[in-house]
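The sequence and model are shown first.

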Amino acid sequence: MATGVHPLLVAFLALLLVGTCQARPAPRKFAAASAGVAVDGVTAIYNFGDSISDTGNFLREGAGPGGDMMEHTVAAPYGAAIGGATGRCSDGYLMIDYLAKDLGLPLLNPYLDEGADFTHGVNFAVTGATALDTAALRRIGVTAPHTNSSLSVQLQRFKDFMEATTKSPAEAREKLANALVMVGEIGNDYNYAFAVIRPRSSSGGARSVADVGRIMTGVVESMVLVPEVVRSVTSAAREVLDMGATRVVIPGNFPLGCVPSYLEAVNEEDAAAYDGNGCLVGLNLFAQMHNVLLQQGICELRRSYPEATIAYADYFNAYVRMLEGARDMGFDGAAVTKACCGAGDGKYSFDMERLGGAPGTSVCARPEERLSWDGIHLTQRAYGVMAELLYHKGFASPAPVKFPRQ
C-alpha cells in the first residue's frame with residue numbers, strides 16, 4: 001500500500017511556510033566558553049521537556065521494572081559513555097548538557113533530586129512527558145503511559161521553585177533576567193496518538209496492508225492535536241515571559257520520518273513513500289506542520305514581548321543537516337537509520353517490544369559512529385553535533401546566546 005501525501009496537505013504547508021517570520025542567519029564560527037566562565041550574562045538554565053532533555057526526573061519518579069517500555073532507560077547500557085545510567089535516554093550526555101558546558105555552567109540537576117544544587121538552574125523535563133495534560137489526552141482516547149508530569153505540571157513546579165527561592169516577584173524577575181529558559185521539545189502527544197493502533201502484532205507476525213493503513217490513518221487523525229500542542233507550548237512560554245524571562249528557546253519537532261522507531265513501525269515497501277535521505281515523507285510533513293504552526297506562535301510571542309529574545313531551535317533541519325553530512329562528521333553513513341542499542345536483526349535494529357537494554361538486545365561496537373542510540377533517542381555524539389549546529393551554527397534563531405567568536 002502506498003503512503004502518498006494528500007496534495008492539499010502539501011499546499012497547506014507551502015502556504016504556511018511563506019508566512020514564517022524569521023530567517024535563519026548565515027552560519028558563524030564560535031569558540032566554546034572556558035570552564036567555569038558564564039557566557040553573555042547567562043547564570044542559570046531552566047529547562048522543560050521530555051526524554052530529549054531529562055537528566056534524571058523520570059528515574060526519580062520511580063521508573064523501573066514493571067512493564068513500562070521505558071524501564072530500561074534508567075539502567076545499563078544507558079549512560080555507558082559517562083560511567084553509568086543517570087536517567088538520560090542516551091549512552092551519555094544530551095544537548096542540554098552540552099549547552100550548559102558551553103555556557104560555563106554546571107550540568108542541570110533534575111528537579112526531583114532532593115538536596116541538589118539549583119544555584120545555576122533546574123531541569124524539570126521528564127521522560128514521556130506530554131504538552132497536553134493527561135486528562136485532556138484521555139478525553140480524545142489517547143493514553144500517556146509513562147508519566148503524568150505534563151508541561152503544565154512542570155510549569156507549576158517551576159513556579160513553586162521560584163516562589164520558594166525568591167522573596168518577591170520582583171526578585172524572581174531579576175533572577176530570570178539572567179537566565180536561559182528552554183521550553184520543549186515535547187512531542188509525545190503525537191507519539192502516543194500514533195500508537196493507539198499498534199502496527200504489528202506482539203507475536204511479531206508480518207505486517208498487513210491494513211496495519212499500514214491504520215497507522216497512516218492514525219497520523220492523519222493526529223493532525224487535530226497539532227494546534228492544541230502548539231498552543232500549550234506557546235502558552236507556557238508566555239507564562240515564563242510574564243514572570244520575567246528575557247531569553248527563551250522553543251524547539252521544534254524532529255523529522256519523525258527519519259527516526260528508526262517510525263521507519264520500523266511503518267516499514268513501507270513503496271519507494272515513493274521515502275525521500276532521498278530514506279525518511280518517510282508523510283511523517284516528515286506532519287512534523288513540519290507542527291513546526292510551521294509553532295513558528296507562527298513564536299512570531300506572536302515576539303510581537304507581544306519585543307524586548308525579549310525568543311529563539312526557535314530548528315531541530316528538524318539541524319537533524320537533516322547531520323543526516324546528510326553524516327560521513328563527513330565521522331558517522332557511519334551506512335547506518336544512519338539504524339539503532340545502536342536494540343534488537344539487531346531487522347533493517348533498523350529496532351523492535352518496539354524490546355527497547356534498548358531489554359533481554360535479547362545488544363549494543364553496537366562503536367556508538368560514537370551512530371546517530372540513533374535506541375531507535376528513539378540519539379547517541380551522545382549525535383546530541384553533541386546537534387548542540388553545535390543549534391547554538392554555534394545558526395540553527396537556533398535568533399541566537400539566544402552570543403558566544404565568543406573564534
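## Conventions and overall make-up

Helices (H or I, at least four residues) and strands (E, at least two) are DSSP runs, numbered from the N terminus. The model is a predicted one, in which local features need pLDDT of at least 70 and side-chain atom pairs count only at pLDDT 80 or more, while totals for chains, interfaces and linings use all residues. Residues are numbered from 1 along each chain as its sequence is written, and side-chain values use heavy atoms, with hydrogens and water left out.

The protein contains 13 helices and eight strands. Of its 406 residues, 55% count as buried, where buried means under 20% relative accessible area, exposed over 50% and partly exposed in between (1.4 Å probe, protein chains only). A contact means heavy atoms within 4.5 Å. Among the contacts with a separation of 6 or more, 75% are between residues 24 or more positions apart.

Eleven of the 13 residues of α13 are buried, so the helix is largely enclosed by the rest of the structure. The buried residues are Gln380, Ala382, Tyr383, Gly384, Val385, Met386, Ala387, Leu389, Leu390, Tyr391 and His392.

The cover over these buried residues includes the helices α3 (95-102) and α12 (315-324), together with the strands β3 (179-183), β4 (247-251), β5 (309-313) and β8 (396-397). After α13 comes Gly394, with a positive phi near 90°.

Ala396 belongs to strand β8. With a relative accessible area of 3%, Ala396 is buried. Apart from neighbours within four places in sequence, Ala396 contacts Tyr312, Ala313, Leu390 and Tyr391.

## Helix pairs

Axes are lines fitted to C-alpha atoms, for helices over the stretch in contact, and angles run from 0 to 180 degrees between N-to-C directions. Angles under 35 degrees count as roughly parallel, over 145 as roughly antiparallel, 65 to 115 as roughly perpendicular and the rest as oblique.

The axes of α3 and α13 come within 8 Å and cross at roughly 55°; the two helices are therefore oblique to each other. On the α3 side the contact is made by Met95, Tyr98, Leu99 and Asp102, and on the α13 side by Gln380, Tyr383, Gly384, Met386, Ala387, Leu390, Tyr391 and His392. Eight of these contact residues are nonpolar, three polar and one charged. In this classification Ala, Val, Leu, Ile, Met, Phe, Trp, Tyr, Cys and Pro are nonpolar, Asp, Glu, Lys and Arg are charged, and the others, Gly among them, are polar.

Helix α5 (residues 151-165) packs against helix α9 (residues 226-242) at an angle of about 10°, with the axes 10 Å apart. These helices are therefore roughly parallel to each other. Leu151, Leu155, Phe158 and Lys159 of α5 meet Ser232, Val233, Ala236, Glu239 and Val240 of α9. The contact residues of α5 with α9 comprise six nonpolar, one polar and two charged.

Asn284 lies in helix α11 (residues 281-304). Its relative accessible area is 7%, so Asn284 is buried. Not counting residues up to four places away in sequence, Asn284 touches Pro255, Leu256, Gly257, Cys258, Asp275, Cys279 and Phe316.

## Backbone features in loops

Two cis peptide bonds may be described here. One joins Ala76 and Pro77, with omega about 10°; Pro77 is in the loop between α2 (57-60) and α3. Another runs from Gly184 to Glu185, with omega near 0°, and Glu185 is placed in the loop between β3 and α7 (188-194).

Positive phi values also occur in residues other than glycine. For Asn267 phi is near 50°, and this residue sits in the loop between α10 (260-266) and α11. Asn267 is partly exposed, at a relative accessible area of 30%. Ser349 has a positive phi of about 55° and is found in the loop between β6 (341-342) and β7 (362-363). Its relative accessibility is 5%, so Ser349 counts as buried.
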